[in-house]
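Here is a friendly walk through the structure, point by point. Keep the 3D view open and find each residue as you read.

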Amino acid sequence: MLFSKWRLRLEDKRIWRVFGRSMALSLILSVFMIFLDTSALPLLEELPDWMLTDVTTARQVLSTLAGTLFTTTTFVFSAILTIVTLYTSNFSPRAVEDFLLNTTSMRTLGIFLGGFIYSLTSLVFMDGSLYDDRVFSVVIAWGYAVGSALYFTKFVYQVSNYIQADKLVSRMYNETRTQYDETIGYFREHTRIERLPEIATTYQYDMKTNAEAYIGSIKFDELKDLCEEYEAICRISIKVGDFVSRKEPVATIYTNKKVAEVNELEESFNKTFSFEAERSTSFDSGYSRNKLNEIALKAMSPGINDPNTAIHAVHYKSLLEAKFAALRGRYVVVGKSREELENEPDFSKLTGVLLYDFNDFFRHLHVGYRQLVHYMKEDISAMESVFDALVLIAHSAHQDKIGIVKEYSRYVYESVIDNFPQQLDRELIEKRYNQIISIEVDDRITAEEEEEARAEEDSH
């Protein structure tokens, strides 16, 4: 999918796109005004007198506006740097990009820069010998001044919201939820299974990467087409967001047909991956969730000591993990329906199939909570929130995931219970732990099953 590659590129260049667009439009507008005021375009006589000013007044207004906008631009830039420092020290270095890439922040700075360029360009070319007695440029400058004032007010309001930890967590959750829903929506369209059989084929080829970078995205449909071309099964052993080194095996090609040019196959295989210098939230659901993790960890540090923010982040993070808990299966099979897999359970005669471990849920939980458990294990309020999160996940989990949640809850319980010798503290944890352990698998219907049942009824 070429779209995924361009989406990552545009995200990296978003700041320059906003700045470049504002400055380019301002420069074009100033050139147009110069042609209009010098009568190169015969439109000035059509304008009402109240929209025109004399050249002397225009110079004074443009000079004052240029200086004011440049000063305000410096102030806004300083405010942005101050907030970046605040984010880095109080929240997470990874949360900085959410503020810097925000449209309002960049557009405010772009409007001020654009207004400065317009005023300065108009002022430089405002030669009395070329201009008539009356000019129109000041009206546009007035519009810039009003727009700058409005956007500056919006910027101040936004900054007041962005520096509040609770609102930051809620906003990051909403942004991450959208990315989760897109990812889950794609996997729901394909067949999902819990276990893979042994794949016995005549030939097996390890596919190696040709870059040292993070996996930004995987073009599953293109990779499936490549499997069809080579009459093969491809099992990917890495995930989006993993860091790979050059010549690292990341997948295995299973086929009964000998591949004459393995290097050519490997080159085509690498073209289905997007390699990035850093992780991105566009397709990497783990990185999106890790931002909430880091906010919670930072809040629990001795220098900040804000457990309420950490608890708030853990609650919202659990809603994300519950989405993957509710999904049936661990592996997604791209290219074959469930009926086709049932007819060939050992995959020995299948071709054009892509296998991807999209939901290793125990690892998903452990990566998501191991640092939190380590740093929160002596704070009863924080650990109470962790078990609340596990209870929420357990009640949302699909039948084949509830055992994993119970197993991981037992691991967390045994890791922290000895840190709370007081009976009242132990009861708080044991109550939630017992709640998870007592959940019955057979009597539960997950949200996904209800949705599939409704879809089946609608089809009939």
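1. Let us begin with a pair in one helix. Lys317 and Glu321 sit 4 residues apart in helix H11, so about one helical turn separates them. Helices here are DSSP runs of H or I with at least four residues, strands are runs of E with at least two, and both are numbered from the N terminus. The two side chains form a salt bridge, with the closest N and O atoms 2.6 Å apart. A salt bridge here means a side-chain nitrogen of Lys or Arg within 4 Å of a carboxyl oxygen of Asp or Glu. Both Lys317 and Glu321 are buried. The words for burial go by relative accessible area: buried is under 20%, exposed is over 50%, and partly exposed lies in between (1.4 Å probe, protein chains only).

2. Before going on, please note what kind of model this is. It is predicted, and local features need pLDDT of at least 70, side-chain atom pairs count only at pLDDT 80 or more, while totals for chains, interfaces and linings use all residues. Residues are numbered from 1 along each chain as its sequence is written, and side-chain values use heavy atoms, leaving out hydrogens and water.

3. Now the overall picture. The protein has 17 helices and 11 strands. Of its 460 residues, 48% count as buried. Accessible areas come from the Shrake-Rupley method with a 1.4 Å probe, and for residues only the protein chains shown count as cover.

4. How does the chain meet itself? Among contacts with a separation of 6 or more, 82% are between residues 24 or more positions apart. A contact means heavy atoms within 4.5 Å. You can look at Asn102, in the loop between helix H4 (96–100) and helix H5 (103–124). Leaving aside residues up to four places away in sequence, Asn102 touches Gln158 and Tyr162. Asn102 and Gln158 are 56 residues apart in sequence, and their C-alpha atoms are 9.9 Å apart. Asn102 counts as buried because its relative accessible area is 17%.

5. How many salt bridges does a search of the whole structure find? The count is 12. One of them joins Asp181 and Lys323, with 3.2 Å between the closest N and O atoms. This pair links distant parts of the chain: Asp181 is in helix H7 (residues 165–188) and Lys323 is in helix H11, 142 residues apart. Asp181 has a relative accessible area of 39%, so it is partly exposed. Lys323, at 24%, also counts as partly exposed.

6. Another salt bridge is formed by the side chains of Asp225 and Lys224, at 3.7 Å from N to O. Are these two residues buried, or partly exposed? Asp225 is partly exposed because its relative accessibility is 41%, whereas Lys224 is buried at 19%.

7. Two surface patches deserve a look. Glu229, Glu261, Glu264 and Glu267 form a negative one, and Arg17, Arg21, Arg107 and Lys154 gather in a positive one. Patch residues have over 30% relative accessible area and no salt bridge; like charges are joined within 9 Å, and nonpolar side chains (Val, Leu, Ile, Met, Phe, Trp, Tyr) within 5 Å. Lys and Arg count as positive, Asp and Glu as negative, and His and the chain ends are not counted. Each charge is placed at NZ of Lys, CZ of Arg, CG of Asp or CD of Glu. Glu229 lies in helix H8 (residues 220–229) and is exposed, since its relative accessibility is 56%. Lys154 belongs to helix H6 (residues 137–162) and is partly exposed at 42%.

8. Finally, check two backbone angles. Most residues other than glycine have a negative phi. Lys247 is not a glycine, yet its phi is positive, about 65 degrees. Lys247 is in the loop between strand S7 (243–244) and strand S8 (249–255), and its relative accessibility of 53% makes it exposed. Asn305 also has a positive phi, near 55 degrees. This residue lies in the loop between helix H10 (285–299) and helix H11 (307–325), and Asn305 is exposed at 58% relative accessibility.
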